[in-house]
Amino acid sequence: MNKLIAAAGFAALVSTLPSVGVAQDKKDASPHTFTGNVGFVTDYRYRGISQTDIKPALQGGFDYSHASGIYLGTWASNVSWLSDQGAKNSLEWDFFGGYKGTAGDFGYDVGLLQYYYPGKYDATEAVGYKSPNTTELYVAGSWKMFTLKYSYALTNIFGFPDSDGSGYVDLTGNFDIGAGFTLGAHYGYQKIRTSLTGVDCSYSDWKLGLGKEFVGLNWGLNYIDTNANSNCYTNYRGKNLGNGTVVLSVTKTF
């Protein structure tokens, strides 16, 4: 009987102690998240214009985020729009950081993005262009499947002289259409403020496509077009304006 009483007392005492498993789970839950990505595209299009002379690109990056909403990251891709004009460059290397959060169905994101193109640009600077390295401040808001983003150039934008203050508006929608497919639609407007030419270098771009996860990879097929003025971009980007192109992308996130 005494043994039964002692056992019951011990069980009652144990029941009052915190769960070791729950405590361990809370201890293991880290506020830090690290992710990476690697991808392939048949044509690297940025704001509607090909960066690789309508040729493939390998791309990848790393991201860090904190539970507070702070994030940092880096991303890189091969490019040819500078080397097409005689510059010694074949890489775009981006660095970014910011803060994002949500409030119900609404999301917000504020950050800074640095585009870095290591190399020498003597050939492009000889015809009036500046360093292509660009710093942009961006702010974005989202509601359900829609995102509206505005990017503001704090420096000359992609080599255009006297172009600080240029801006880009990006409206994107992603819609679940069933069977694991996502329909994506995008419209953007790039305002270029520059003293280089006597024509307006501002332009619009748009994209429509499908995305789906399959065999552990994210697949995308997009039609991309732009009305960019060739008088602004022929000398600067050579043949790679790339109007009306279908682009296949394959990305792995880890």
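## Ground rules

Since what you have here is a predicted model, local features need pLDDT of at least 70 and side-chain atom pairs count only at pLDDT 80 or more, while totals for chains, interfaces and linings use all residues. Residues are numbered from 1 along each chain as its sequence is written, and side-chain values use heavy atoms, with hydrogens and water left out.

## The chain overall

You're looking at four helices and 14 strands. Both are DSSP runs numbered from the N terminus: H or I of at least four residues for helices, E of at least two for strands. The chain has 254 residues, and 35% of them count as buried; that means under 20% relative accessible area with a 1.4 Å probe and protein chains only, with exposed being over 50% and partly exposed in between.

## The core

The largest nonpolar core holds 27 residues. Such a core is a set of buried Ala, Val, Leu, Ile, Met, Phe, Trp, Tyr and Cys residues joined through side-chain atoms within 4.5 Å. Tyr-117, Phe-160 and Tyr-233 have the most contacts inside it. The elements giving two or more residues to this core are β7 (106-116) and α4 (230-237).

## Rings and charges

A search of the whole structure turns up twelve aromatic pairs. To pair, rings of Phe, Tyr and Trp (its six-membered ring) need centres within 6.5 Å; planes under 30 degrees apart are stacked, over 60 edge-to-face, and the rest tilted. Tyr-46 and Tyr-115 pair edge-to-face, at 5.8 Å centre to centre and 65 degrees between the planes. That pair links distant parts of the chain, with Tyr-46 in β2 (residues 45-46) and Tyr-115 in β7, 69 residues apart. Tyr-46 is partly exposed at 22%, whereas Tyr-115 is buried at 2%.

The charged end of Lys-100 sits over the ring of Tyr-71, 5.0 Å from its centre, and Lys-149 lies over the face of Tyr-138 at 4.5 Å. The cut-offs are NZ of Lys or CZ of Arg within 6 Å of the ring centre and within 35 degrees of the ring normal.

Strands β12 (residues 203-214) and β13 (residues 217-226) pair antiparallel over ten bridges; pairing takes at least two DSSP bridges. Trp-206 stands opposite Asp-225 in β13. Their hairpin has two residues between the strands, and Val-215 takes a positive phi near 50 degrees there.

Next, β13 runs antiparallel to β14 (residues 245-253), joined by seven bridges. Here Tyr-223 stands opposite Val-246 in β14.
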